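Hi,

Here's the structure I said I'd pass along.

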Amino acid sequence: MIVNKEEVLRVMVEHQAQEMTFRFYSVLATEGGQPTDLTSYESLVPAGQLIATYEHRPDIKVNPLEVIRSEWESIAYFKLDGEVICKRSAYGQPMISRQDDLFTQRPYKLMIEKELQAEKSGREIAVSDLTEKDAGNIMSDYARYWEEYKKDNNL
């Protein structure tokens, strides 16, 4: 599946407890050289943080969310705890998922996300009639979410 930057940003926020790394294509790749050339070092987002640093320059700190938003086309791959979760085959190619389930938004969370986006923008959204299957998917996903929440919070 093709992955867009919003999906990567969501995964990054949802998996803050894990280390994330990503690497850029080299300047030569972006300027017409070999389209698979990468920079020498990875960018690192340590577990439990939303601040990125560079493997070779830990003193430099940047906001990875802003970097990903602005430099999306120049990023070659993303790793979560050392495992590649999505990757481009070359500069200019789409980002392809290696773990589709990680990027697939579950029905309940997707519904909440849309509601929050509409609330933030001040728009009113009209919810179309749900099929019985769609309503069932949202409710079963909510039940799974609630069980995970109770387990994580010792309730």
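Quick bit of bookkeeping before the residue classes: Ala, Val, Leu, Ile, Met, Phe, Trp, Tyr, Cys and Pro count as nonpolar, Asp, Glu, Lys and Arg as charged, and the others, Gly among them, as polar. Also, bear in mind that this is a predicted model.

Cavities first. The count comes to one cavity of 30 Å³ or more. The largest cavity holds about 50 Å³ of space. Its lining is made up of V11, M12, H15, Q16, Q18, M20, V45, P46, Q49, L50 and L80. Sorted by class, that lining of the largest cavity gives seven nonpolar residues, four polar and no charged ones.

Now the helices. α1 covers residues 5-14 and α3 covers residues 64-71, and the two pack with their axes 10 Å apart, at an angle of about 165°. Angles over 145 degrees count as roughly antiparallel, so that is how α1 and α3 run relative to each other. Their crossing is right-handed.

Who touches whom? On the α1 side you'll find K5, L9 and M12, and they meet P64, L65, I68 and R69 in α3. The residues of this α1 with α3 contact split into five nonpolar, two charged and no polar.

Cheers

Terms used
Residues are numbered from 1 along each chain as its sequence is written. This is a predicted model: local features need pLDDT of at least 70, side-chain atom pairs count only at pLDDT 80 or more; totals for chains, interfaces and linings use all residues. Side-chain values use heavy atoms; hydrogens and water are left out. Axes are lines fitted to C-alpha atoms, for helices over the stretch in contact, and angles run from 0 to 180 degrees between N-to-C directions. Helices (H or I, at least four residues) and strands (E, at least two) are DSSP runs, numbered from the N terminus. Angles under 35 degrees count as roughly parallel, over 145 as roughly antiparallel, 65 to 115 as roughly perpendicular and the rest as oblique. A crossing is left-handed if the near helix is turned anticlockwise from the far one by less than a right angle, and right-handed if clockwise. Contact means heavy atoms within 4.5 Å. On a 1 Å grid over the protein atoms alone, a cavity is a set of points where a 1.4 Å probe fits but cannot get out, and a pocket is an open set with protein on both sides within 12 Å along at least five of seven lines; lining residues have an atom within 4 Å of a point. Grid points are joined across faces, edges and corners, and a volume is the space filled by probe spheres set on the points.
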